[in-house]
Amino acid sequence: MNSPVLRLMELVLALSGLALSLPILLIVFLLGLFDTGSPLFFQQRVGKNQRLFTLIKFRTMALATASVATHQVDSSAVTRLGRFLRRTKLDELPQLINVLKGEMSLVGPRPCLPSQQQLIEERALRGVLLVRPGITGLAQVNGVDMSDPVRLAAIDQQMLDTLTLGAYFKYLLLTVLGRGAGDHIQGK
């Protein structure tokens, strides 16, 4: 599912999402200033064809937290606001900017860190890295995170092999309705 029509649809949806959520974005940004002093989080991730890009999210962890996969971070690093943002998935809203820039899709495999070599290798073997990563997808709505790279890559491949327009909107709807727990954190 990689067509100019889909790309145009994603641009419209991302722009609409940013416009409709602007009051929420502003409130979360201001709350983030009080929470950590730095409400936005920028991190290098692996994109389509293994090209690196800068992912944009709302910060959910303390500033001193190491830049590692979420499942390798202790739960004490998550701020009070961060717990709320992660639970409601509001921390993902700024990624709509990544969609506008063409670095991500709304639906696709979640982008991993360059340090997650096993996941990169498993995804490369399955052709998963030939598509733009997404904000949500089959693994996310089923609570599968990056702590199990082989399973995640297999589910990513399954999603790509069976992705239809109906499934695309199903994953979006399930995400908006709160399905999936997000990446697990140590101690949780």
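User: How are helix α1 and helix α2 oriented to each other: roughly parallel, roughly perpendicular or oblique?
Analyst: In this predicted model, the axes of helix α1 (residues 4-20) and helix α2 (residues 22-35) come within 4 Å and cross at roughly 60°. Angles from 65 to 115 degrees would count as roughly perpendicular and angles under 35 degrees as roughly parallel. The two helices, α1 and α2, are therefore oblique.

User: Into how many nonpolar, polar and charged residues does the contact of α1 with α2 divide?
Analyst: On the α1 side the contact involves Leu18, Ala19 and Leu20, which meet Leu22, Pro23 and Leu25 of α2. Leu, Ala and Pro count as nonpolar. The residues of this contact therefore divide, by that classification, into no polar, no charged and 6 nonpolar.

User: Where do the buried residues of helix α5 lie around its axis, and what do they pack against?
Analyst: In helix α5 (residues 117-126), the buried residues are Leu119, Ile120, Glu122 and Arg123. Because they cover an arc of only 165° around the axis, they lie on the same side of α5. The elements against which these buried residues pack are β1 (40-46) and α7 (149-162).

Methods. Residues numbered from 1 in each chain as written. Predicted model: local features only at pLDDT ≥ 70, side-chain atom pairs only at ≥ 80, totals over all residues. Heavy atoms only, no water. Buried < 20%, exposed > 50% of the residue type's maximum accessible area, 1.4 Å probe, protein only. Arc of directions from axis to C-beta. Contact = heavy atoms within 4.5 Å. Axes fitted to C-alpha atoms, helices over the stretch in contact; angles between N-to-C directions. Parallel < 35°, antiparallel > 145°, perpendicular 65-115°, else oblique.
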